[in-house]
Structures are given as C-alpha cells and as structure tokens.
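The sequence and the structure come first.

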Amino acid sequence: MAARKYAFVNYTLLCLITLVMIYPVLWMLSSSLKNGPEVFSTASSLIPKNPHFENYIQGWKGFAGVSFTTFFKNSLVVVIWSTIGSVTSSTLIAYGFARIRFVGRKFWFVCMMLTMMLPPEIVMIPQYILFNKLGWLNTFLPLILPTFFGTPFFVFLIMQFIRSIPRDLEEAAVIDGCTRWTAFLRIVFPMVVPAVVTCAIFSFYWRWEEFIGPLVYLSNPKLYTVSLALKMFSDPDAVTDWGALFAMSVASLVPILIVFFIFQRYVMEGIATSGLKG
C-alpha cells in the first residue's frame, strides 16, 4: 500500500509539472483560433468560443508581399546547411582530439572548451565587421559558413562517445590494410551515429529558433527566417493581428516536433552513452 501511495503521489506531481510545462503551448494553440480582441479578453480560457481557422490562412500571407512559404524556405536552407556543416566538422574535430596525437593537443582542446564560456555578444561585433568587409551582409553566408568550423559542445559530446570505443577495433582495421581515414569511416563513424544524430537534432533546434543572427545580418524581407518574420509580423505602430501571429507561431513548431518524434530514440541513446569512457 505504501508503494502505491508513493507511486500515486509521484504520478500526480509529474502530471502537474507536465501541465505547467505545456500550458504556454496550449495557450498559444488556443490563441491561434481566436480573433485579436478575444486573445486578451479571454486569455484565461483555453477553449475559443468561435474558432477562427482563417487565422492560419491570413497569417500565411505574411507581410511586405512575402508569404511564410518564403520564410520557411529560408529557414530550411539555413538550418539544413548549418546542421550539415556543424555536425560534419565537429565529428572530424572530435575524432582528431580523441584519437590523433599532435603537439599542443591539450592546449587547443582547453582553448576550444573556453570558447563555450564566451557570451555570443562578445564576438558579435568583430564578426559583423569581418562579414561586412567580406561583403556578406544580407546573405545567408554569415549564418551558415561559421558552422563549418565546428561547434565546441558537439565536439565534446562526440569526443566522449569516441573515447568509449576500444582502440583495438581501429588497430585491427589498420593491420588489415585500412588507412586511418578508412578506419574512421568504416569502424568509428557507424558506432557514433547516435551521438551524431543527437548533435544534428540540437543543431536543428538552435538554428531554427535563432533570432539575433538573422536580425543582425539580414535586412531584405525576402531573406527573413521564420523567427525573424514572427517578430516583424507584430507591428507596434499599427494594429497587430494577434490571431494570425499565434497561428504562425504554432506552424513554426511543426518542423521541430516532426524532427523530435522521428529521432527521439537517438537523442536518448546519444545522451545516455556519451559520458562513457573506454
């Protein structure tokens, strides 16, 4: 009986915490089906009196003659290329730190880890000056190209995963005639797929919701990403269509939810085993 009581209390607490966590999402979903005045006059109610599904049609039209079809395309271009660059480069860098002995390895690893402590605002101005001199402003290059030089958090995560793989497997492959590159592709990489997929999902999340980068480097509405478009959709100098704004906010969550539910197994496996050491 005591065990059942504790289980009941635990499940009750978990349900309450879950409700608190998902309440903002439920409120946003409810507000996407309300008209402008109703959003705030009935803010405490999660059930709209007269659902306005036309908010999604109206919101998808966008602004400045640019629809959300363009914004979603822009976000996908930035997210896909950034994820490819970040995951590929981070995997190679992690393998180098984990398996290759070179002069100053520990020093460069410490330097890389220290960059994780730097606030993005510190490097924003130097990066802006550099990209301005290169003529890359108002393009996707400042948002994509830096990811091809590795992401410290991903490097650390994949590096810990590689360390859990016995060196004997690579040494046996080398004895059989494989080069280091071939051993990496055929032996190491297939075994670190969970960590790589985990990094890819995190990269997708972070890039999809990034706001400061597009705000700083993009000025043409035709190049706006979804996160920037949602901010520009609310006009402080005019009447904002809050129902349409929340409708597009709900639509912006769909790609994230799809990616999570498809690859959640790899996320759990990657996080659970990345801390092991061989």
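## Largest pocket

In this predicted model, the largest pocket has a volume of about 1,200 Å³. Its lining is made up of 31 residues, and the closest to the pocket centre are Pro-120, Val-123, Gln-127, Pro-152 and Arg-207.

At least two residues each come from helix 4 (68–99), helix 6 (120–134), helix 7 (141–144), helix 8 (152–163), helix 11 (193–209) and helix 12 (212–217). Helix 6 supplies the largest share, 6 residues. Sorted by class, the lining of the largest pocket holds 20 nonpolar, 8 polar and 3 charged residues.

## Second largest pocket

The second largest pocket has a volume of about 220 Å³. It is lined by 14 residues, of which Phe-97, Ala-98, Arg-105, Arg-163 and Arg-167 are the closest to its centre. The lining consists of 7 nonpolar, 1 polar and 6 charged residues.

Helix 4, helix 5 (105–114) and helix 8 each give at least two residues to this lining. The largest share, 4 residues, is from helix 5. Helix 4 and helix 8 also supply at least two residues each to the lining of the largest pocket.

## Nonpolar cores

The largest nonpolar core contains 31 residues, and within it Phe-68, Phe-71, Phe-204 and Trp-208 touch the most other members. Helix 4, helix 7, helix 11, helix 13 and helix 14 (242–273) each give two or more residues to this core. Helix 14 gives the most, with 7 residues.

Which residues does Phe-71 touch, not counting those up to four places away in sequence? They are Phe-63, Val-66, Pro-221, Tyr-224, Thr-225, Val-226 and Ala-229. A second, separate core has 22 residues, including Ala-98, Met-112, Phe-184 and Val-188. Ala-98 is also listed among the residues closest to the centre of the second largest pocket.

## Helix 13

Helix 13 spans residues 226–233 and is mostly covered, with 6 of its 8 residues buried. The buried residues are Val-226, Ser-227, Leu-228, Ala-229, Leu-230 and Phe-233. Two of these, Val-226 and Ala-229, are touched by Phe-71.

## Cys-178

Cys-178 is located in the loop between helix 9 (167–175) and helix 10 (180–191). Is Cys-178 buried or partly exposed? Its relative accessible area is 22%, so Cys-178 counts as partly exposed, the limit for buried being under 20%. With neighbours within four places in sequence left aside, Cys-178 is in contact with Ala-173 and Ala-183.

## Overall fold

The protein chain has 14 helices and 0 strands. Its radius of gyration is 23 Å, well over the 19 Å that the globule rule gives for 278 residues, so the chain is more spread out than a compact globule. The C-alpha trace spans about 70 × 70 × 30 Å along its principal axes.

Of the 278 residues, 37% count as buried. Among the contacts with a separation of 6 or more, 72% are between residues 24 or more positions apart.

How values were computed:
Residues numbered from 1 in each chain as written. Predicted model: local features only at pLDDT ≥ 70, side-chain atom pairs only at ≥ 80, totals over all residues. Heavy atoms only, no water. 1 Å grid on protein atoms, 1.4 Å probe; cavity = no way out; pocket = protein on both sides within 12 Å on 5 of 7 lines; lining within 4 Å. Points joined across faces, edges and corners; volume = space filled by probe spheres on them. Nonpolar A, V, L, I, M, F, W, Y, C, P; charged D, E, K, R; others polar. Buried < 20%, exposed > 50% of the residue type's maximum accessible area, 1.4 Å probe, protein only. Contact = heavy atoms within 4.5 Å. Core = buried A, V, L, I, M, F, W, Y, C linked by side-chain atoms within 4.5 Å. Rg over C-alpha atoms; globule rule 2.2 N^0.38 Å.
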